[in-house]
Amino acid sequence: MARIVIENLKYKYPGMNKLALNDISFTIEPGEFIGIIGRNESGKSSLCQAIAGLIPNFYKGAYGGRVFIDDMEVKKVAVEDLCETVGIVFQNPFNQVTGSKLTVYEEISFGLENMGIPREDMIKRIDDAMELLDISKYRDRYPFDLSGGQMQRMAIASIIAMKPEVILLDEPTSQLDPQGREEVFQAVQKLSKQGITIIMVEHNMEKIAAYSDRVVLLDDGKLIDIDIPQKIFSRDDLGEYGVEAPVYTQICRKFGIKNKSGYYPIALEETKNLLNSISKSMGKVIDQKGEM
């Protein structure tokens, strides 16, 4: 059974004439890693907020359609009651830090305290989350003394510790260096393999291509496509939606190199294997011609 069902979702912000989300429908399975891509103001953040229940329960406006998480209609559930099922990590960690705690450890514990988690379980959850995000060494630091990247990992850890069934991440790596970005993606992938459903908005197409099970392409509030990364990034019209394919896909497109499924490669390893295969085939052709 699908974990998330979105049916004919429409939304318009107060005072706006244009729909931010325009008749969107699709489903997400348990444990899927879904990447969301599209140009600025295509509806990516609005879609995340609708799944998390912030739209329409916090952000008011014209709302239509339905969003279900495990048969629970999101708009009929209070945001605070959804926290145990779905967690959201925002682009700017300053929007997520409470400001009321003196240490990183205490900041991560905040949501667990509100949920009434027993102390022993709380300690294990916090320790596991900090280790997963490699921030255990900052446990006694004041949250606002952290760098932007460190603070973002703390924000992600605070959500992970609550063990939601669905985690939404809205451009969570925008303030991280390449190493920190890779650490976050690997951590999130581990959660996906544990059965947690991951939905991530991200502008780094290489990472989306490498980690996503399926990719959602949005434009102007509309669902343009949802499919495996190879198919999405092989679209001839991708540039029309303000999206650039991964660099390896662009290179292979230029030379017309496709895999057996008819798609352009999306990662280095697949590109290398295809080029090696082509090279070997060319060598056989040359040998055959030499023999003739």
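**Salt bridges and strand pairing**

Arg253 and Asp236 join their side chains in a salt bridge, with N and O 2.8 Å apart. Because Arg253 belongs to helix α10 (residues 247-255) and Asp236 to the loop between α9 (229-233) and α10, the pair ties together parts that are 17 residues apart in sequence. A salt bridge here is a side-chain nitrogen of Lys or Arg within 4 Å of a carboxyl oxygen of Asp or Glu. Helices (H or I, at least four residues) and strands (E, at least two) are DSSP runs, numbered from the N terminus. Arg253 is partly exposed at 28% relative accessibility, whereas Asp236 is exposed at 71% relative accessible area. Buried means under 20% relative accessible area, exposed means over 50%, and partly exposed is what lies in between (1.4 Å probe, protein chains only).

The model is a predicted one, in which local features need pLDDT of at least 70 and side-chain atom pairs count only at pLDDT 80 or more, while totals for chains, interfaces and linings use all residues. Residues are numbered from 1 along each chain as its sequence is written, and side-chain values use heavy atoms, with hydrogens and water left out.

Over the whole structure, the search finds 16 salt bridges. A network of them links Asp225, Arg235 and Asp237.

Arg125 is buried, with a relative accessible area of 13%, and Asp121 is partly exposed, at 30%. Lys124 forms a salt bridge with Asp128, and here the closest N and O atoms are 2.7 Å apart. Lys124 and Asp128 also lie in α5, four residues apart, or about one turn of the helix. Asp128 counts as partly exposed at 37% relative accessibility.

The remaining features concern strands. Two strands are taken to pair if DSSP finds at least two bridges between them. Strand β1 (residues 4-12) pairs with strand β4 (residues 62-69) in the antiparallel sense, over seven bridges. Glu7 has Arg66 in β4 as its bridge partner. β4 also pairs with strand β5 (residues 72-73), again antiparallel, over two bridges. In β5, Glu73 stands opposite Phe68. The hairpin of β4 and β5 has two residues between the strands, and Asp70 in this hairpin takes a positive phi near 50°.
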